[in-house]
Amino acid sequence: MADILTVQGLKAYYLMNYYGISREVRAVDDITMTVKHNEIYGIAGESSSGKTSFIKVLAAAIRPPLEVVAGSAVYDFGGQQVDPTTASPDVLKQIRWKHLSYIMQGSMSVLNPVRRIEKSFVDFAMEPLGLSGKAFWNRVRDHLAHLKLSPNVLRAYPHELSGGMRQRVTIGLATVCHPEFIIADEPTTALDVVVQKDVLALLRNIQQEIKSSVVFVTHDMAVHANIADRVGIIYAGRLVEEARTRDLFMSPRHPYTGHLVASLPRIGDTRQRPALEGRPPNLAEPPPGCRFHPRCPLAIDRCRSEVPPLVTVAEEHRAACWRSDEVRPVLDADLPRNRAEVS
Amino acid sequence: MTALLEVEHVYRRFPMGGILARDFTDAVVDAQFTLEKERPEIFTIIGESGSGKTTLARMILGLDVPTSGQIRYLGRPVPTSMWGRARHDFMARVQPVFQNPFEAFNPLKRVDRYLESTATAFRAPRSRAEIDRAMDEALVKVGLTLAEVKGRYPHELSGGQLQRCAIARALVCDPEVLIADEPVSMVDASLRMAIVNLLKSLRDDFGVHVIYITHDLATAYYISDRIIIMQKGRVVEMGPARLVLENPQHPYARLLKASVLSTENAGHGDLAPATDLIAASDEMLAKAVHSHMVEQPDGRFVRSNP
């Protein structure tokens with residue numbers, strides 16, 4: 001299957017120069033990855049790991065002080081090659097919403113509170129769809145029906161809708177033009193559990209229906225386990241591991257992934273969960289060598305000086321760790337028992 | 001057994017709308033539970049947004065007044081006036097921790113100033129050294145030291161460290177009860193378990209009662225002793241945490257459990273909605289006006305319709 005997005009050695013830094021003091025924050029440092037047609041690619045990472053900077057580059061929302069200093073990201077929209085890092089504003093305008101769209105976090109801040117939902121649809125979709133009048137509204141109503149929304153929401157203001165409905169409306173806005181590539185940035189983080197599951201199911205159905213590729217960003221590993229086909233883990237600006245979802249959860253090959261998977265609490269299991277010591281590194285002065293080494297239980301001298309490359313360790317499975325062979329999936333038996341059951 | 005905190009038939013009703021279209025919404029309906037002084041525990045309140053869990057916490061803290069019913073602390077009603085000896089004593093015993101550490105701290109104020117003012121207000125220190133000792137003791141309990149925090153502004157600490165400072169701030173006055181309102185929802189995955197394990201060690205090692213408010217069933221199962229599950233202001237199920245979460249009985253509790261995303265079968269996500277449970281819990285909610293809690297043989301309470 002061909003790839004819709006190819007990212008090669010992408011480096012995007014925040015370059016700041018105030019009063020003669022220059023600072024660079026290496027938010028995206030040498031990321032190489034591809035996204036296939038018709039797949040959901042999950043990106044996991046904690047706050048300030050550079051995942052938002054990365055998707056800003058992918059969404060062609062590069063504003064100073066963020067600058068792409070090396071590498072490229074190339075979309076292939078049915079033969080048309082577009083590099084968001086270099087494309088002209090005219091080209092970007094032409095591909096936005098029609099080919100490349102974006103579902104944002106916090107639906108309340110996306111929708112204009114003083115405009116009815118229908119106005120938002122006009123603003124977003126009328127031009128890319130190239131339809132007008134009746135044809136346009138028929139298309140929008142059909143699409144809303146797919147999202148299990150009644151056409152009445154078009155007349156509503158954002159505050160009149162519940163959080164789950166608003167998030168469905170933003171998904172509707174992002175998918176109404178049937179784009180080939182959708183970037184979803186924490187679309188379910190603010191939602192309650194019942195609604196979250198519903199919205200995830202909807203997003204996956206619509207993705208399968210319009211056959212688009214999705215980059216799904218969230219720090220919640222449980223969401224990735226249920227929606228993503230492949231998952232990439234970003235730590236301190238670097239891609240440290242990438243694999244098919246099942247492989248990543250069953251046999252992680254980077255200690256950070258191993259920790260993320262092992263620390264998920266589960267109902268029916270009361271064993272003590274390990275907590276990772278230390279704090280995420282400051283991207284302005286990242287530690288030398290592997291950026292995870294100050295917190296890594298497996299760190300050796302080599303990790304402190306040499307940067308481990310992202311190498312293929314198994315079929316469709318890449319990891320950046322000098323000791324990736326020794327990373328064991330943290331088996332339940334390895335975890336110490338909890339104190340005696342209470343009450 | 002002495003009752004530490006008694007919540008008795010507490011209702012909270014908020015007025016809605018203007019003078020002509022007066023309406024009411026019930027945020028908390030008939031909440032009732034007791035914490036025992038001799039048995040420190042993690043008591044969890046679970047519910048979705050709008051279920052009244054934060055309103056209940058605010059009433060326990062005395063920041064809001066119940067419409068009817070009473071909350072007593074060591075036999076005395078919780079003081080709701082912000083002045084006076086009684087309020088001061090109460091605050092020394094019951095302390096809150098809030099959801100977002102970045103919003104709880106003023107970005108222009110050094111973090112140790114918060115600990116310092118709490119120490120000065122509640123520990124009646126006689127010297128600078130005594131204040132520092134009180135601050136350091138509290139920080140050591142949460143795995144930090146005064147040297148790490150002194151003189152730092154909130155942006156210089158990570159989210160996990162900041163949340164631990166917020167908990168240390170609450171611990172400065174040696175409280176008996178800590179009310180933690182969603183303390184981990186804004187904290188990163190790798191730091192979340194550190195905070196959750198910390199709450200556990202507060203109970204086990206320092207005998208602090210923790211009222212843990214959350215919508216995350218998995219961490220609730222991991223640390224709680226007892227839980228209550230709230231739906232639109234009503235407690236629908238209450239009992240020992242393990243018992244309730246392993247085998248919930250009320251349709252809404254079952255719906256919540258069914259909606260927790262499982263990682264057992266990663267890569268083959270099952271996202272089918274539990275339609276029958278949604279219908280059943282809506283039906284229970286519609287008829288909830290005359291419902292009441294019924295004790296089950298296994299020790300839990302489940303809301304049922306007459």
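Modeller: Let me begin with buried area, which is the accessible area (1.4 Å probe) that two parts lose on being put together, summed over both. The model is predicted, and for that reason local features need pLDDT of at least 70 and side-chain atom pairs count only at pLDDT 80 or more, whereas totals for chains, interfaces and linings use all residues; side-chain values use heavy atoms, with hydrogens and water left out. Residues are numbered from 1 along each chain as its sequence is written, while chains are lettered from A and ligands numbered from 1 in the order in which they are written.

Biologist: What area is buried between chain B and chain A, and what share of it do carbon and sulfur atoms give?

Modeller: By that rule the area is about 4,100 Å², and carbon and sulfur atoms give 55% of it. On the side of chain B, the residues that lose the most area to chain A are B:Ser190, B:Leu261 and B:Leu271, which together account for 17% of what that side buries. Counted by contact (heavy atoms within 4.5 Å), 46 residues of chain B meet 45 residues of chain A.

Biologist: How many salt bridges and how many residue pairs in polar contact does the rule find across this interface?

Modeller: A salt bridge requires a side-chain nitrogen of Lys or Arg within 4 Å of a carboxyl oxygen of Asp or Glu, and the rule finds zero of them between chain B and chain A. A polar contact is a pair of N or O atoms within 3.5 Å, where within protein one must be able to donate a hydrogen and the other to accept it, and where residues adjacent in sequence count only if both atoms are side-chain atoms; five residue pairs, both members at pLDDT 80 or more, meet it across the interface.

Biologist: Which helices of chain B each supply at least two residues to the side that touches chain A?

Modeller: They are α8 (189–206), α9 (217–223), α10 (241–246) and α11 (251–259), with helices (H or I, at least four residues) and strands (E, at least two) being DSSP runs numbered from the N terminus. Of these, α8(B) gives the most, with 10 residues. The side of chain B that touches chain A divides into 18 nonpolar, 14 polar and 14 charged residues, where Ala, Val, Leu, Ile, Met, Phe, Trp, Tyr, Cys and Pro count as nonpolar, Asp, Glu, Lys and Arg as charged, and the others, Gly among them, as polar.

Biologist: What makes A:Glu39 buried, and which side chain is its polar partner?

Modeller: Its relative accessible area is 6%, so A:Glu39 is buried by the rule, although it is found in the loop between β2 (21–36) and β3 (40–44) of chain A. Its side chain makes a polar contact of 2.8 Å with the side chain of A:Arg230.

Biologist: How do you know that A:His99 is buried?

Modeller: Its value of 17% is below the limit, so A:His99 counts as buried. This residue lies in the loop between α2 (89–95) and β6 (100–103) of chain A, and a polar contact of 2.6 Å joins its side chain to that of A:Glu180.

Biologist: What makes the peptide bond between A:Pro64 and A:Pro65 stand out?

Modeller: It is a cis bond, with omega of about 5 degrees, and A:Pro65 sits in the loop between α1 (51–58) and β4 (66–77) of chain A.

How values were computed: Buried means under 20% relative accessible area, exposed over 50%, partly exposed in between (1.4 Å probe, protein chains only).
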